[in-house]
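Me: I've got a model open and would like to talk through how it packs. Shall we take it piece by piece?

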Amino acid sequence: MKFREFYRQNKDKYLAFNNINDYVFRVLIMKEAEIDGNMSQFFIAEDKELQNEKNLLKNLERVINGEPYQYVVQDAAFLGRHFYVDKRVLIPRLETEELVSELIKTINEKYQKEKIMVADIGTGSGAIAITIAKEVQNAVVFGSDISNDALDVAKMNAKSTSTNVQFVHSDMLDYFIKNNIKLDVLVSNPPYINNIEEVDKSVLNYEPHLALFAKNGIDYYDIILKNSHTVMNKDSIIAFEFNYDQKDKIKDLIKLYIPNSTFKFYKDFDNKWRYVIINYCANEWYFVLSNWFLVTLFFLLVYFFNIYQPLLVRW
């Protein structure tokens, strides 16, 4: 059977299910008809035969039973690009698209021709890191994750999109602290859910819990902001996505750890508070102490070199 004929004959039957709308129905059909491209191809492409109608019926049943269609077709759209996804990574969300769009605009306004260092903490599928690498010139982009499974998916996406991103295994900031990497931009959409009852069953049953849940909801924001002085350059950007009810807690953390910074909160398409972009400014005392330490270390080295130089020459 040709794919448009299948669509016409079965549309009313499958759209009666809650988990299937017209868009999802067409995506699943296009997958089995091996039609690439955007949804317009459904109407203008040659009316090809379905490769395996039984497989299409099986996939429709999977979605009816609650499995996200992105996992079924192993593809998720993000800001005009397509990324491979499976159960090892979260499915990129529309809310995250909004954060990344605003962040890219902010980066390009602040850094025009400068080389900058960018890190996506908790990169998952790599959608954020890859999109920034594509849209920001002169950016050296890192994507870090504690999950090796997630990093495997991210590397697949970087290869398929021909994008240069350095994906590294790291528990939050550990890799950057250990390697003394200073960042101009840090973006993170970390686990932030602490109430399992508010999670949709399809998310709870299929998406990786490691990427979803945090003990008190703000654990990872606390870790990043508390240690931000070890990885951020003096005048830089931090951006977070967070849960709709966490704005005040995030604000308190910003004021606690980086009180000299300015910030702006944004609402998502559903009019819920969802992300923040911070113009990072560390406490001046940290930089004073850091510079004092370096200067002191330099003079100590000079002092000891002068003392021991005769001995070294004699030896």
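Predicted model: local features only at pLDDT ≥ 70, side-chain atom pairs only at ≥ 80, totals over all residues.

Me: What is the strand order in the open sheet of 7 strands?

Reply: Strands here are DSSP E runs of at least two residues and helices are H or I runs of at least four, numbered from the N terminus. Two strands pair if DSSP finds at least two bridges between them. The sheet is open with mixed pairing, and its order is 5-4-3-6-7-9-8.

Me: Which residue in strand 7 stands opposite leucine 183?

Reply: Strand 6 (residues 183–188) and strand 7 run parallel, joined by 5 bridges. Opposite leucine 183 you'll find methionine 232.

Me: At about what angle does helix 8 run to strand 5?

Reply: Axes are lines fitted to C-alpha atoms, for helices over the stretch in contact, and angles run from 0 to 180 degrees between N-to-C directions. Helix 8 (residues 148–160) lies across strand 4 (139–145) and strand 5. Its angle to strand 5 is about 175°.

Me: Is leucine 60 buried or exposed?

Reply: Buried means under 20% relative accessible area, exposed over 50%, and partly exposed in between (1.4 Å probe, protein chains only). Leucine 60 lies in helix 4 (residues 53–64) and touches Phe6, Tyr14, Ile20, Phe25 and Leu28, leaving aside residues up to four places away in sequence; contact means heavy atoms within 4.5 Å. Because its relative accessibility is 0%, leucine 60 counts as buried.

Me: At roughly what angle do helix 2 and helix 4 cross?

Reply: Two packed helices are described by the angle between their axes and the distance between the axes. On helix 2 (residues 22–33), the axis comes within 10 Å of that of helix 4. Val24, Phe25, Leu28, Ile29 and Glu32 in helix 2 meet Asn55, Leu56, Asn59, Leu60 and Val63 in helix 4. The crossing angle is roughly 145°.

Me: Last one: why does glutamine 246 count as buried?

Reply: Glutamine 246 is in the loop between strand 7 (232–241) and helix 12 (247–257). Beyond residues up to four places away in sequence, glutamine 246 touches Tyr192, Gly217, Ile218 and Tyr221. Glutamine 246 counts as buried because its relative accessibility is 4%.

How values were computed
Residues numbered from 1 in each chain as written. Heavy atoms only, no water.
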